[in-house]
Amino acid sequence: MADRIGIIGAGFSGLLSAYLLERRFGDQVEIEVWEAGDRSGGRVRTTPVPEVGASYEAGVAELYDIAGNPHLRRLIRHLGLRTRPLTGTPYFVVGDRVLRDDRMLEGVLGRRGMDRLRRFWERGTGLRPPADYALAGRERDNAHPWQRRTFADVLGDIDDPLCEWFTAMQCHSDLATEPPHTSGLFGMDNLLIDHPGYCTMYTLAEGNEGLIAALAGRVRSPVSPGTAVTHVAADEETGMRVSLRNRGGGRRDVEVDALLVTLPPAGVRRIRWSDERLQDAVAGHVRHHDHGTAYLRVTLLFRRRFWRRAFPEDYFVSDAFGGVTVYDQSPDDGAEGAGIQSWLLGGAPALEYASKSDGDIVAAVLNAVPGLSPVREDLLVRAFVDRWTGVAGVSALPGGVPLRPARQRHSPDPRWPQLQFIGDYLYDATLCGALDAVLYGVSRLGDLITAKTDSVADGAADLFGAGAEPGSSTPSSPRSAFFLDERRAAGRESAR
Ligand SMILES: Cc1cc2nc3c(=O)[nH]c(=O)nc-3n(C[C@H](O)[C@H](O)[C@H](O)COP(=O)(O)OP(=O)(O)OC[C@H]3O[C@@H](n4cnc5c(N)ncnc54)[C@H](O)[C@@H]3O)c2cc1C
């Protein structure tokens with residue numbers, strides 16, 4: 001009889017898990033995906049702007065190409081999606097000045113400040129070589145000297161208040177929290193996003209939600225929108241039972257052999273878990289991992305792309321709101337036609353403004369738009385405000401401190417290894433981390449199914465296309481199972 005697998009959540013993680021399990025096990029498994037919202041995709045959302053026949057990224061704005069971690073890129077290629085590099089030096093707006101290079105930065109920080117900053121970067125990169133960065137969030141990071149220090153504490157080593165402020169501001173939007181609330185290592189990892197030796201960025205040419213559409217188009221199992229999981233009961237006699245509630249209030253229970261939970265901790269907390277031991281184990285998992293923080297995306301459609309000469313790149317960073325990345329998502333007509341600016345507020349300012357009215361939020365952002373003083377409301381065609389808080393927020397400290405061993409991290413109740421928790425909050429709060437988590441959870445489940453049925457798990461052989469990328473590091477367990485299969489397959493291919 002086929003194994004019945006339930007998947008909670010139809011975001012990137014839930015859909016990718018379903019797709020990989022189908023590919024690997026075919027009709028050996030019977031999968032159902034339950035999604036509380038009306039749409040699939042969760043925090044990956046591309047919103048149309050009909051006035052200009054364009055769109056903006058309300059959630060994920062950039063995909064990361066991490067040196068030595070080719071998995072996301074390989075998935076994108078496997079799905080046949082077109083990409084576009086994202087360029088940004090980036091330019092910084094500090095007060096009323098625009099800084100375009102080191103010389104201008106020195107004008108603000110002074111020579112001593114620049115020296116202190118260089119020393120900080122030398123130390124930070126020395127302690128975090130690219131090969132370690134590619135495996136961020138694994139248990140071995142516990143040995144990093146900045147893992148148990150706060151980012152505020154580590155910034156203090158710069159010993160120059162202005163440089164400390166600048167460095168925190170520089171990565172504030174990526175980090176989505178304030179330096180005292182995260183580790184020095186996670187802070188440094190977010191700074192390194194802008195270091196070309198570690199990471200480059202791209203988007204999907206047809207919009208990032210194309211990733212969700214591509215996965216949803218391949219998943220054959222039923223995906224039920226408007227269906228929230230309210231209760232998971234696991235009993236050693238009768239097994240695992242999931243209670244569902246649909247939009248109309250209708251309820252039904254489903255028995256499953258395995259369950260993948262692909263929600264952030266705030267979502268896990270909303271579900272009732274029983275028996276008591278499972279409830280305690282899940283509560284402990286949430287306590288350790290729940291470092292939820294917020295984003296607020298404010299997108300402005302202007303009649304003219306008036307900033308184009310001052311800010312020719314895909315994004316710039318402003319010191320408003322504690323540090324904010326501003327994406328230029330204008331329609332690509334090459335002229336100074338309509339323009340779209342998308343502001344990603346993170347952390348404390350995002351939380352503070354999220355409770356205000358859209359009008360107040362838009363007014364505050366308009367006030368901060370460089371080159372628009374006094375504010376020219378006549379230039380504004382329309383504004384969009386997307387609040388990402390609570391269940392839809394991100395983690396300020398992925399994996400928690402200390403990072404737990406993978407087995408415990410994904411499977412908090414050792415009696416139920418077929419109950420796997422998956423999510424970006426377990427690794428690095430990005431799609432790359434979500435992908436790492438999926439690969440672990442699905443591999444682990446795969447191993448359990450394989451052990452039970454004694455079948456040869458070979459279906460994953462060419463999961464994301466053939467062979468390892470040149471220069472890619474060998475991913476260590478836990479993420480490796482599928483890709484090791486892939487490399488074996490590539491070996492077979494070349495031997496033929
Ligand atoms: C504003 C913002 C910007 C971001 N920018 C980037 C970026 O540029 N690059 C990057 O790599 N990452 C970025 N991230 C992180 C990225 O969005 C996540 O890593 C990724 O989307 C995680 O996908 P997921 O499927 O694990 O979770 P989610 O996308 O959160 O999916 C979980 C799904 O579960 C559903 N759900 C919740 N509760 C229940 C329930 N009880 N029953 C059933 N379904 C339920 C939700 O509705 C949701 O659809 C950003 C996040 C935000 C919020």
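This is a predicted model: local features need pLDDT of at least 70, side-chain atom pairs count only at pLDDT 80 or more; totals for chains, interfaces and linings use all residues.

Trainee: Is S357 buried, partly exposed or exposed?

Mentor: Its relative accessibility comes out at 38%. Buried means under 20% and exposed means over 50%. With 38% falling in between, S357 is therefore partly exposed.

Trainee: How far apart in space are S357 and V385?

Mentor: Along the sequence, 28 residues separate S357 and V385. Going from C-alpha to C-alpha, the distance is 9.5 Å.

Trainee: Which residues of helix α2 are buried?

Mentor: Helix α2 covers residues 71-78, and the cut-off for buried is under 20% relative accessible area. After the helix comes G80, with a positive phi near 75°. Back in α2, the buried ones are H71, L72, R74, L75 and I76.

Trainee: Now the second largest pocket: which residues are closest to its centre?

Mentor: This pocket has a volume of about 560 Å³. It is lined by 25 residues, and the closest to the centre are S55, R84, D328, Q329 and S330.

Trainee: And which strand gives the largest share of the lining of the second largest pocket?

Mentor: By class, that lining has 9 nonpolar, 7 polar and 9 charged residues. At least two residues each come from β4 (54-57), β9 (199-204) and β19 (324-328). The largest share, 4 residues, is from β4.

Notes. Residues are numbered from 1 along each chain as its sequence is written. Side-chain values use heavy atoms; hydrogens and water are left out. On a 1 Å grid over the protein atoms alone, a cavity is a set of points where a 1.4 Å probe fits but cannot get out, and a pocket is an open set with protein on both sides within 12 Å along at least five of seven lines; lining residues have an atom within 4 Å of a point. Grid points are joined across faces, edges and corners, and a volume is the space filled by probe spheres set on the points. Ala, Val, Leu, Ile, Met, Phe, Trp, Tyr, Cys and Pro count as nonpolar, Asp, Glu, Lys and Arg as charged, and the others, Gly among them, as polar. Buried means under 20% relative accessible area, exposed over 50%, partly exposed in between (1.4 Å probe, protein chains only).
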